[in-house]
Amino acid sequence: MEASGLVVPNNPIIPFIEGDGTGPDIWRASQLVLDSAVEKAYGSERKIEWLEVLAGEKAFRQTGEWLPEATLDAYRKHLVGIKGPLTTPVGGGIRSLNVALRQELDLYVCLRPVRWFKGVPSPVKNPAAVDMVIFRENSEDIYAGIEFDAGSQGAKDMHAFLAEHNAASKIRFPETTGYGIKPISKEGSARLMQAAIEYALEQGRKSVTIVHKGNIMKFTEGAFKSHCYNTAIQSFRDQVVTERESWIIDNIDRDASISVTENAKSVEPGYDMMTDDQQAAIRAEIEGVVASIGATHGGGKWKNKLLVRDSIADISLQQVLTRASDFDVIATMNLNGDYLSDALAAQVGGIGIAPGGNINYATGHAIFEATHGTAPKYANQDKVNPGSMILSGEMMLRHLGWDEAADLIINGMDRSIANKTVTYDFHRMMDDAKLLKCSEFGQAIVDNMRD
């Protein structure tokens with residue numbers, strides 16, 4: 001990693017974890033697709049040198065450790081890697097191997113693109129409207145794993161702390177209450193938003209939506225919203241416009257004679273019911289926007305800027321169903337992102353073809369992964385859909401700058417599904433489809449790759 005970005009050799013060493021349960025099946029199919037795409041795109045000029053590293057059940061059987069330090073060292077050294085699904089150890093110790101990898105390498109962005117492939121069975125009427133990229137904060141929120149079990153000394157200490165701050169009365173059943181801490185920082189929020197906006201600008205996306213529950217959790221999720229807006233305005237002023245700013249500027253564009261008060265009433269429908277101080281604050285906001293960006297964003301120029309807006313989390317989960325085209329890039333915290341990414345995956349065919357990546361844009365470290373579980377009952381049956389792993393590999397190739405190979409994978413996936421040559425999960429929901437094994441689906445993608 002250099003100041004200009006990731007420097008990739010023609011023969012990069014890529015660590016991989018094949019995964020538990022169905023992991024070996026989907027990895028074999030995925031490796032075939034990735035190697036074939038690179039060969040078709042670049043001939044003998046480029047080739048991935050795969051390095052297997054251990055985690056999960058295979059690691060425990062061979063080393064007695066669920067996540068050997070050698071595995072972390074390999075990802076640290078080689079920067080970019082890929083992994084299959086891993087079993088979470090039962091009992092004490094690491095709560096989740098996936099979370100442990102993200103935390104150890106500070107992979108603060110969980111990147112989850114969601115799009116529909118033509119022909120994939122979907123429970124919604126217009127799945128083609130779903131074309132979103134979720135930037136999910138990976139290092140904070142409840143996934144930080146700070147918890148105190150009910151009845152433990154930690155829970156008692158937490159209750160005592162709340163009592164000292166006159167908040168214990170809000171705990172209805174203190175003897176049986178467990179506690180979880182939800183840390184949200186300015187720095188963590190800002191670096192996520194920075195990555196989301198940079199991605200949106202580079203990819204020509206139209207908007208970034210901040211999804212939060214700040215109306216209830218004002219000092220965590222509300223702070224996240226504020227930090228994200230501040231990052232957008234302070235770091236990308238000439239390239240972005242907030243939704244609220246767009247209303248103010250558009251009012252002036254449509255009526256140059258509009259007064260500050262009239263503009264304020266248009267932006268805030270409840271203006272007339274506000275106190276004098278509240279009304280003054282709204283008028284000051286209108287004047288501030290006009291003074292700061294009236295010249296650069298007025299006259300319709302704001303329409304060519306990246307739109308930054310926010311949406312309450314529960315409303316967002318409704319609107320990604322009813323108004324999917326309103327969403328483009330989404331920036332959100334870990335738990336909200338977990339809900340959104342899986343809900344959206346269901347709209348476009350399920351997590352069987354939902355890819356994901358965990359990235360630190362500052363250091364260049366990235367681990368791309370299948371987003372589904374291990375499905376042990378299907379292990380070694382050569383049955384399940386390898387699409388999530390294959391598309392995560394496609395994301396990895398784009399991260400390396402190997403777009404030509406990545407395009408071939410998308411092309412091959414598109415054609416294979418359009419031809420109704422699919423694995424059992426899609427086959428059972430499609431008419432006149434041909435049932436393929438996991439390995440056969442990988443080969444079909446290779447056969448269908450075109451320039």
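In the predicted model, Lys420 has a relative accessibility of 30% and therefore counts as partly exposed. This residue is placed in the loop between α14 and β14 (421-422). Its backbone is marked by a positive phi of about 60°, although Lys420 is not a glycine. For context, most residues other than glycine have a negative phi.

The crossing of α14 past α16 is right-handed. On the α14 side, the contact involves Ile409, Gly412, Met413, Ser416 and Ile417, and these residues meet Phe441, Ala444 and Ile445 of α16. By class, six of the contact residues are nonpolar and two are polar, while no charged residue takes part.

Helix α10 (residues 276-297) takes part in two further helix pairs, one with α9 and one with α8. The axes of helix α9 (residues 260-267) and α10 come within 9 Å and cross at roughly 105°. This angle lies between 65 and 115 degrees, so α9 and α10 are roughly perpendicular to each other. Val260, Thr261, Asn263, Ala264 and Val267 supply the α9 side of the contact, and Ile282, Arg283, Ile286 and Glu287 supply the α10 side. Five nonpolar, two polar and two charged residues make up this contact.

For α8 and α10, the axes come within 10 Å, with a crossing angle of roughly 75°. This value again places the pair in the range of 65 to 115 degrees, and α8 is therefore roughly perpendicular to α10. From α8, the residues involved are Arg244, Glu245, Ile248, Ile249 and Ile252. Their partners in α10 are Ile282, Glu285, Ile286, Val289, Val290, Ile293, Gly294 and His297. The contact of α8 with α10 contains eight nonpolar, two polar and three charged residues. Ile282 and Ile286 of α10 are named in the contact with α9 and also in the contact with α8.

Glu245, one of the α8 residues that meet α10, lies in the helix spanning residues 243-254. Its relative accessibility is 7%, under the 20% limit, so Glu245 counts as buried. Beyond its neighbours within four places in sequence, Glu245 is in contact with Ile233, Arg237, Val289 and Ile293. Of these partners, Val289 and Ile293 belong to the α10 side of the helix contact. Within α10 itself, Gln279 is likewise classed as buried, because its relative accessibility of 13% is under 20%. Gln279 touches Tyr271, Asp272 and Met274 when residues up to four places away in sequence are not counted.

In soluble globular proteins, nonpolar side chains tend to be buried together. The largest nonpolar core of the model has 77 residues, of which Trp50, Ile82, Phe135, Met193, Val208 and Leu397 touch the most other members. Helix α1 (residues 23-42) gives the most to this core, contributing eight residues. A second core is separate and consists of 14 residues, among them Leu72, Leu97, Ala100 and Ile367. In the largest core, Met193 and Val208 are both among the residues that touch the most other members, and these two are also in contact with each other. Further contacts of Met193, residues up to four places away in sequence being left out, are Ile210, Cys228, Thr231, Ala232, Val308 and Ala331.

Phe161 is located in helix α5 (residues 153-164). At 43% relative accessibility, between the limits of 20% and 50%, Phe161 counts as partly exposed. Phe161 and Ile17 are 144 residues apart along the chain, and their C-alpha atoms are separated by 43 Å.

Notes
Residues numbered from 1 in each chain as written. Predicted model: local features only at pLDDT ≥ 70, side-chain atom pairs only at ≥ 80, totals over all residues. Heavy atoms only, no water. Helix = DSSP H or I, 4+ residues; strand = E, 2+ residues; numbered from the N terminus. Buried < 20%, exposed > 50% of the residue type's maximum accessible area, 1.4 Å probe, protein only. Contact = heavy atoms within 4.5 Å. Core = buried A, V, L, I, M, F, W, Y, C linked by side-chain atoms within 4.5 Å. Left-handed = near helix turned anticlockwise from the far one by under 90°. Nonpolar A, V, L, I, M, F, W, Y, C, P; charged D, E, K, R; others polar. Axes fitted to C-alpha atoms, helices over the stretch in contact; angles between N-to-C directions. Parallel < 35°, antiparallel > 145°, perpendicular 65-115°, else oblique.
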